[in-house]
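This report is meant for someone meeting the structure for the first time.

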Amino acid sequence: MVADGLWTIVFSAASEVHGGSTVSEEINRGGVFVISNGRIHGGGISFYFLGKCSEDAEGVHVKVRAVRYNDLVASAFGEENNVDLEFHGHVTGESMSLDGNVVNRPQAQMKIYAQRRARIPG
């Protein structure tokens with residue numbers, strides 16, 4: 001897969017639509033993902049991530065479950081401790097840009113910017 005590797009990630013923004021108004025928050029939180037053979041493992045300061053990655057002619061598709069393991073930092077997901085997320089985007093060289101949302105809450109949008117730090121041998 002073109003997306004295989006060790007990636008550092010930054011969640012850049014979250015926004016939701018409430019009553020026709022968009023409310024957004026700069027998150028500026030990060031973490032790491034390892035993508036290998038369609039599987040994703042990773043984490044950050046308060047959540048770990050498990051999921052799947054696929055690729056097609058339209059780009060990269062990511063589905064992850066974010067599971068809270070501590071309360072050090074306020075969550076970008078509100079009070080939820082287990083959140084399913086889906087993202088779509090593109091890999092360009094050693095960078096990846098993804099747009100997505102909380103599953104079943106399309107108004108809860110997020111962006112991820114990632115930088116590949118290592119390739120997976122194979």
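## Two loop asparagines

Asn-104 is placed in the loop that runs between S7 and S8. Although Asn-104 is not a glycine, its phi is positive, at about 65 degrees, and with a relative accessibility of 74% this residue counts as exposed, because the cut-off for that class is over 50%. The model described here is a predicted one.

## Overall layout

The protein has eight strands and zero helices, so that, read from the N terminus on, its elements follow the order β-β-β-β-β-β-β-β. Of the 122 residues in the protein, 39% are buried. When contacts between residues at least 6 apart in sequence are considered, 46% of them join residues at least 24 apart.

In soluble globular proteins, nonpolar side chains tend to be buried together. Here the largest nonpolar core has 26 residues, and the members that touch the most others are Trp-7, Ile-9, Val-62, Phe-77, Leu-85 and Met-96. Two or more residues of this core come from each of strand S1 (5-18), S2, S4, strand S5 (59-68), strand S6 (82-92), strand S7 (95-102) and strand S8 (105-118).

Which residues does Phe-77 touch, if those up to four places away in sequence are not counted? They are Phe-47, Ala-66, Val-83, Leu-85, Val-102 and Met-110.

## The cavity

Rolling a probe the size of a water molecule over the atoms shows where empty space is left. In this model there is one cavity of 30 Å³ or more, and the largest cavity holds about 170 Å³ of space. The lining of the largest cavity is made up of 16 residues, of which Phe-11, Arg-29, Phe-47, Phe-49 and Phe-77 are the closest to its centre. Strand S2 (21-36) and strand S4 (47-56) are the elements that give two or more residues to this lining, with S2 providing the largest share, three residues.

By residue type, the lining of the largest cavity consists of ten nonpolar, four polar and two charged residues. Phe-77 belongs both to the residues closest to the centre of the cavity and to the core members that touch the most others.

## Two serines

Is Ser-46 buried or exposed? Ser-46 is buried, because its relative accessible area is 4% and the class takes in values under 20%. This serine lies in the loop between strand S3 (39-44) and S4, and, leaving aside neighbours within four places in sequence, Ser-46 is in contact with Val-67, Arg-68, Tyr-69, Asn-70, Leu-72 and Val-73.

Ser-95, by contrast, is found in strand S7 and counts as partly exposed, at 32% relative accessibility. Beyond its neighbours within four places in sequence, Ser-95 is in contact with Trp-7, His-90, Ala-114 and Gln-115, and the side chains of Ser-95 and Gln-115 are joined by a polar contact of 3.2 Å. Ser-95 and Arg-117 are 22 residues apart in sequence, while their C-alpha atoms are 9.5 Å apart in space.

Methods:
Residues numbered from 1 in each chain as written. Predicted model: local features only at pLDDT ≥ 70, side-chain atom pairs only at ≥ 80, totals over all residues. Heavy atoms only, no water. 1 Å grid on protein atoms, 1.4 Å probe; cavity = no way out; pocket = protein on both sides within 12 Å on 5 of 7 lines; lining within 4 Å. Points joined across faces, edges and corners; volume = space filled by probe spheres on them. Helix = DSSP H or I, 4+ residues; strand = E, 2+ residues; numbered from the N terminus. Nonpolar A, V, L, I, M, F, W, Y, C, P; charged D, E, K, R; others polar. Core = buried A, V, L, I, M, F, W, Y, C linked by side-chain atoms within 4.5 Å. Buried < 20%, exposed > 50% of the residue type's maximum accessible area, 1.4 Å probe, protein only. Contact = heavy atoms within 4.5 Å. Polar contact = N/O pair within 3.5 Å; in protein donor to acceptor, adjacent residues only side chain to side chain.
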